[in-house]
Structure formats: structure tokens, C-alpha cells
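Student: I am new to this structure and would be grateful for a close look at a single part of it. Please also set that part in the context of the whole.

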Amino acid sequence: MTSVERTLAIIKPDAVEHRLVGSIVRRIEAEGFRIAAMRLVRLTRGEAAAFYDVHRDKPFFDSLTSFMSSGPAVVLALEASDAIVRWRRVMGATNPGEAERGTLRHEFGTSIEHNATHGSDAPETAAAELAFFFRGVEFAR
Ligand code: CMP
């Protein structure tokens with residue numbers, strides 16, 4: 001059984017800086033996702049910390065929140081059947097060095113931190129992460 005899902009995708013500051021927004025959005029559309037919402041954001045350090053709160057105790061937390069607030073990022077709500085798993089497959093492994101050829105992180109990531117994109121990892125996190133960036137009225141049909 002497949003079901004239509006929404007997931008949160010982020011085109012991270014490294015990819016925006018490298019002018020990869022168009023390439024990544026093109027790939028999102030080519031993979032069959034419907035873009036339900038999309039916005040350019042510049043996170044504050046505090047907002048990045050709130051978004052990545054589950055990683056608060058990790059050694060890379062300060063570096064991660066500093067990077068995620070270092071420049072603009074693009075946040076998107078992607079819709080498709082099994083969107084969560086499918087988007088994670090298109091991104092590839094967290095560490096670009098371990099990501100399969102053809103995945104976004106293999107193609108565009110340069111380190112485990114500067115890994116070009118983010119995606120929600122489960123239905124509960126997708127709901128929370130989508131609500132972090134978008135109000136219900138922002139999802140277009
Ligand atoms: P993301 O999918 O956005 O979720 C959390 C992020 O933390 C992850 O991508 C990586 O960019 C980053 N991350 C995970 N593990 C490490 C690590 N060992 N060192 C630095 N950053 C990490």
C-alpha cells in the first residue's frame with residue numbers, strides 16, 4: 001500500500017551559495033514530487049537550534065546550527081506517495097562520501113555538514129518539521 005505523504009525538504013545554505021537551487025528543484029520535479037509550498041529563509045541561530053533540537057547533545061550541534069544560519073536556505077513541502085522515503089532516497093546517505101552515485105548529496109554535497117539537502121526521517125518528524133516552516137494556508141493545491 002502506498003499513500004500520499006508530505007515531507008519537508010531543505011536546500012541548505014551550501015547549495016544555495018553554490019547556485020544549485022535550480023538544479024535541485026529540477027530534480028525534485030523530475031522525480032515526480034509535487035511542490036506544495038516553497039520559501040527562501042534565513043534562519044537565526046536560535047531558529048536553527050530549535051529546528052535541530054533532537055541533535056542538541058551531539059558534538060556537531062554548534063557547528064550545524066552555525067552553518068544552517070550562515071546564509072539563505074530554501075524550504076519546501078514535497079508531496080508524493082511515500083514522499084518521506086522517496087526524498088531520502090533521492091538525497092542519498094547523510095555523508096556525501098557514502099552517498100550513492102546519482103544522489104543529490106553525492107553530486108552536490110561536500111562534507112557531512114555541507115551535505116546540500118535535508119529531509120524529514122519519519123511521518124511524525126515530517127509533520128513537526130513542516131509545521132515549523134509552514135502554516136496550513138501556505139500549502140497550495
Ligand atoms: P540532516 O539530514 O540535515 O540532519 C542533521 C544534520 O547534522 C545532518 O543532515 C548533517 O548535515 C549533520 N550531521 C550529522 N552527523 C554529523 C557529524 N558527525 N558531523 C557533522 N555534522 C553532522
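Tutor: In this predicted model, residues 24 or more positions apart account for 75% of the contacts in the protein with a separation of 6 or more. G102 is found in the loop that runs between α5 (83-91) and α6 (104-108). When its neighbours within four places in sequence are set aside, the residues in contact with G102 are R27 and E107.

The surrounding protein may now be described. Its secondary structure consists of seven helices and four strands, and along the sequence these follow the pattern β-α-α-β-α-α-β-α-α-β-α. The radius of gyration is 14 Å, close to the 14 Å that the globule rule gives for 141 residues, so the protein is as compact as a globular protein of that length. The C-alpha trace spans about 40 × 35 × 30 Å along its principal axes.

Burial and surface complete the picture. Of the 141 residues in the protein, 47% are buried. The protein exposes about 7700 Å², and carbon and sulfur atoms supply 51% of that area. As for charge, the protein has 18 positive and 19 negative charges, whose mean positions are 5 Å apart.

Definitions and conventions: Residues numbered from 1 in each chain as written. Predicted model: local features only at pLDDT ≥ 70, side-chain atom pairs only at ≥ 80, totals over all residues. Heavy atoms only, no water. Helix = DSSP H or I, 4+ residues; strand = E, 2+ residues; numbered from the N terminus. Contact = heavy atoms within 4.5 Å. Rg over C-alpha atoms; globule rule 2.2 N^0.38 Å. Buried < 20%, exposed > 50% of the residue type's maximum accessible area, 1.4 Å probe, protein only. Areas by Shrake-Rupley, 256 points an atom, 1.4 Å probe, with all protein chains shown as cover. Lys, Arg positive; Asp, Glu negative; His and termini not counted. Charge placed at Lys NZ, Arg CZ, Asp CG, Glu CD.
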